[in-house]
Amino acid sequence: MEEYRARAAAAAMPLPFHSKSHYFSRRVTTFNHLFAAVYSVAIFTLFYYHLASLLNTTSFTSFFISISLFISDIILAFSWITTQSYRINPIRRREFPENLKPLLKKESDFPALDVFICTADPYKEPPIDVVNTALSVLAYNYPARKISVYISDDGGSAATLFAFMEAAKFAAEWLPFCRKNDVVERNPHAFFASNKDCYNNSEKEKMKIMYEKMKMRVEKVLEKGKVEDEFINGEEEHVAFDKWTESFTSKNHPTVIQVLLESSKNRDISGESMPNLIYLSRQKSLTSHHKFKAGALNTLIRVSGIMTNAPIILTLDCDMYSNDPETLSRVLCYLLDPKLVDISYVQFPQCFHGINKSDIYGTEYKRLFILNKSGMDGLLGPAHLGTGCFFVRRSFFGGPSSTSFESPELPELDPNHVVERAIQSREVLELAYMVAGCDYENNTKWGSKLGFRYEAPAEDYFTGYCLHSEGWKSIFCNPNRIAFYGNFPINLLDTLNQAKRWIFGLLMVGFSKYSPIIYGVKTMGLLMGLCYSYNALSWPSLSIPLTLYSFLPQLALINGISVFPKVSDPWFVLYAFLLLGAYGQDLLEFMLDGSTLQKWWNDQRMWSIRGLSSYIFASIEFCSKSFGISTFGFNVTSKVIDEEQSKRYDQEVFDFGTPSPMFLPMAAAAILNFAAALIGIWRSLGGAWEQLFLQMFLAGFVVLNCRPLYEAMLLRNDGGKLPPKITLFSLFLALLLCSLFSAFLYVF
Ligand SMILES: O=c1ccn([C@@H]2O[C@H](COP(=O)(O)OP(=O)(O)O[C@H]3O[C@H](CO)[C@@H](O)[C@H](O)[C@H]3O)[C@@H](O)[C@H]2O)c(=O)[nH]1
Ligand SMILES: [Mn+2]
């Protein structure tokens, strides 16, 4: 990249490539800072209150309740402190790609791009969807000879290879079609879905028929489970599929590399060169660990290094397609700016197509994907989100200074190495096969100092974190036209399992020698360290206060014990301020960012639901892994759309689906809070409302949040209702808790 940047510096471009401004108006930011100051005072006052109550406890019960609430509030306060770092200086950026034009006149002025698309299971990630993703980037508005798309298939599936053989043929028509008609949606599926009138135009109609034919063939092959002769054209394709022998399984097979398009040879129907398209399924063996997605990405870095070695790398999950063919020129606005040195990556937010109106599962993750990343952008740069990210290849080889460069074990893998041989030359292919071998990384620095890092299954978070701690910076690019759209789980269990995997991966970082609160603060400063701590430490530990606050005050309420200050007590004001302040500020930011009240409500509900399921179960798994009882895996999220589920999702109905212990704590909380609210009302009628007001308020709030649970337990009869088994179990759990608490009261 340096040479391109140097050329930009020499050209002394008069107009800026990009600009930045405050994310919210100055008034909002100042308000946030002032509010933070007042809120911190309130937190310290609360700690004083807790200490005083602890000292004044007279029985073991009151001591137990006080200390539990104190611990909960310490964790909540820690979490609040970590989130403040996002509010120090959130920024918004704009790019001016038109100002780059004088720099990019001929083909050689454009830096090359290697795109990595990862897929792992053809039955959870339909090959036709992966094809659509690949087509959307193959068709970028960029010199075709500068683009190479690599598909990493961890599923080792002949059906996926077949799909890409078809895609290569289709691309020869699709690319010129997009160019000629200035198509903006270059993912064919999205294009045909949004252009209902396409039948009017014969050319479009022809394309659509071609697309449907390809889709049918791909789906047929997937259904049959193998590529039968009728689908194979010519000797070359035969040779490729012959690799799928009897002993070939997704977990144990040799490397398959298939060059499907080569830009120096293949031309589209208009006679223009095509991008490179390469299928890769790295070697797998039952005896060596493949390190999940990070392992796949590192293999891709090496294979692409040998074949094309582009200075820019785009990583995409198989479902994240490009929604804007101009995205790369936005990225160049940063990567070609001579003033921005040390940039490791430009991260785009994860956005999802087809989220229902009030976003019942909080899929948008507005804080995680947008607000917090804009906050980090005002510091050293956003954390890495795993997909939709343009990397500078050099940053996978040690820190930004030349002294911290980590040289790879082969000169051909050096980020500055110029590839002179053709992709399909014997030497190149031999080397590519070698670096894709499953034992290749033994005794090398891959995964620790080179490439994506292996410490945790949250390779995205951890790799970005390591890059920042090495001294790299990053950019958050969030243009008005969404750059990438992805798929998301449409039932509750999948959503929760996904969050569980994330939290588990984050816990592994949080409680390792790389813990952001120590190592992070030391290497990248307090604020960035706190930003990273929020995910790795606050998130998982929030399960403790969320669980305690869902059960303890309610159990006390049932037994007529007051645990919060009564309404006429001055301390009541403090509680009210802390509670309303935190929720109010959250709501305000959501609304200012163009969200709706309903979306915010669902987002905060999902926060508690995740706290009572994903966070708890991830912590349990983490503990059992730490004691060597279990190991971890990467459970790929299914991207297959089930018609029934999809209908329920569109109607905004919670889908519980298959029974899972993950639902137990939340269902038990729903039952217990309902009982507590009723008993609370009854006790208030007896005159105790002043003492019990806050507990009743809390129980009422939980009950309001649990509406979908009550419906799913009692009122619904569809396939997405809460399995009766779970309802019974949680009723039992709630009763058990009540009896244990009463017994505890009796004994102490
Ligand atoms: O052994 C594996 C497992 C997964 N994947 C791929 O990894 C991607 C992400 O997997 P998915 O099941 O979709 O996980 P998500 O939770 O949706 O992904 C988020 O979280 C992951 C980390 O947990 C990041 O890697 C992703 O980029 C980020 O989008 C997919 O393309 C998979 O094909 C592999 O290539 N090899
Ligand atoms: Mn995904």
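This is a predicted model: local features need pLDDT of at least 70, side-chain atom pairs count only at pLDDT 80 or more; totals for chains, interfaces and linings use all residues.
1. Helix 14 (492-510) contributes four residues to the shell around ligand 1, the most of any element.

2. The shell around ligand 1 comprises 24 residues, and the closest are C118, A120, D317, G386 and T637. By class, ten residues of the shell are nonpolar, seven are polar and seven are charged.

3. Three strands form an open sheet in the order 8-13-10, and the pairing is mixed. Strand 8 (321-322) and strand 10 (351-352) are the edge strands; each has a single partner strand, so one side of each has no neighbour in the sheet.

4. Two bridges join strand 8 to strand 13 (residues 484-486), in the antiparallel sense. Y485 in strand 13 is the bridge partner of Y321.

5. D182 is not a glycine, yet its phi is positive, at about 50 degrees. D182 sits in the loop that links helix 5 (158-181) and helix 6 (188-194). D182 counts as exposed because it has 8 C-beta neighbours inside 10 Å, and the cut-off for exposed is 12 or fewer.

6. D342, also not a glycine, has a positive phi of about 65 degrees. The loop in question lies between helix 10 (327-335) and strand 9 (343-347). With 16 other C-beta atoms within 10 Å, D342 is partly exposed, since that class falls between 12 or fewer for exposed and 20 or more for buried.

Conventions
Residues are numbered from 1 along each chain as its sequence is written. Chains are lettered from A and ligands numbered from 1 in the order in which they are written. Two strands pair if DSSP finds at least two bridges between them. A residue is near a molecule or strand if its C-beta atom, placed from the backbone, lies within 6 Å of it. Ala, Val, Leu, Ile, Met, Phe, Trp, Tyr, Cys and Pro count as nonpolar, Asp, Glu, Lys and Arg as charged, and the others, Gly among them, as polar.
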